[in-house]
Amino acid sequence: MRLHRLALLCLCVLSGQVAAQTFVLVSDLNGRYGSVGHHPRVAAAVEAIIEQQPAAVIITGDMVAGQQKPLLDGPHIDRMWQAFNSTVADPLKKAGIPLLVTPGNHDGSGYPEFHLERQRFEEQWNHRKEGLDILPGSEWPRRYAARIADVLLVFFDGSRTGALPTDEMAFVESMLERYGKEDQNIIVISHLPMWPFARGREKEILKSDELLDLLHRFN
């Protein structure tokens, strides 16, 4: 199934000491800048996900189409989130499927000029923790650690290109030091990748040898 633009639909099956866990990862569901609504393929993907009944759905950012200039006002941002909720979040909640998220540059950008969109992102997710085991030390919904069975998931704010800010690196390291064990499955998640894979977007990556070294240290 093809999703809009860079959106991904994949099944990640991890086998550990407990029963195998299945997660679905989706990303970049947004349309054009300022779009109030989603492509029909997104709704079709949500239906396919519900049929799979995964342990959780992970959305790695860009749920709505912000970061537009001139800047969008609050009511417009709210309408975009209402469309996301009706198309994605509400059907998954009704199906009893937990939803874990991380901010992207189009829905919760870390760049200061988009502080209103960042605020709306936090307001949307502050109280949505149904079915989630969010671990102490977390700063939900921007960066946090969660556990599902024997799988540790560590999320951080990777919405800005270039070197990873010092505080983000420190957070990832502290969560791995506190909760990471050699005998468990660990997934570390952000919006931007560490290596380019989309033509024309070769510079839209996290450039951090320190992060790579940290991931190697915790296997």
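This is a predicted model: local features need pLDDT of at least 70, side-chain atom pairs count only at pLDDT 80 or more; totals for chains, interfaces and linings use all residues.
Residues are numbered from 1 along each chain as its sequence is written. Local features need pLDDT of at least 70, side-chain atom pairs count only at pLDDT 80 or more, totals for chains, interfaces and linings use all residues, and side-chain values use heavy atoms, leaving out hydrogens and water.

**Exercise 1.** Find which residues Leu 100 touches.

Solution. Start with the term: contact means heavy atoms within 4.5 Å. Next, leave out residues up to four places away in sequence. Leu 100 then touches Ala 56, Val 57, Ile 58, Ile 59, Leu 132, Tyr 144, Ala 146, Ile 148 and Phe 155.

**Exercise 2.** Decide whether Asp 28 is buried or exposed, and describe its backbone.

Solution. First, the cut-offs: buried means under 20% relative accessible area, exposed over 50%, and partly exposed in between, with a 1.4 Å probe and protein chains only. Asp 28 has 8% relative accessibility, so this residue counts as buried. Now turn to the backbone: Asp 28 is not a glycine, yet its phi is positive, about 55 degrees. For background, most residues other than glycine have a negative phi. Compare Ala 149, also not a glycine, with a positive phi near 55 degrees. At 39% relative accessibility, Ala 149 counts as partly exposed.

**Exercise 3.** Locate two cis peptide bonds that end at a proline.

Solution. Begin with Lys 69 to Pro 70, where the bond is cis and omega is near 0 degrees. Then move to Trp 140 and Pro 141, joined by a cis peptide bond with omega about 5 degrees. As a reminder, most peptide bonds are trans.
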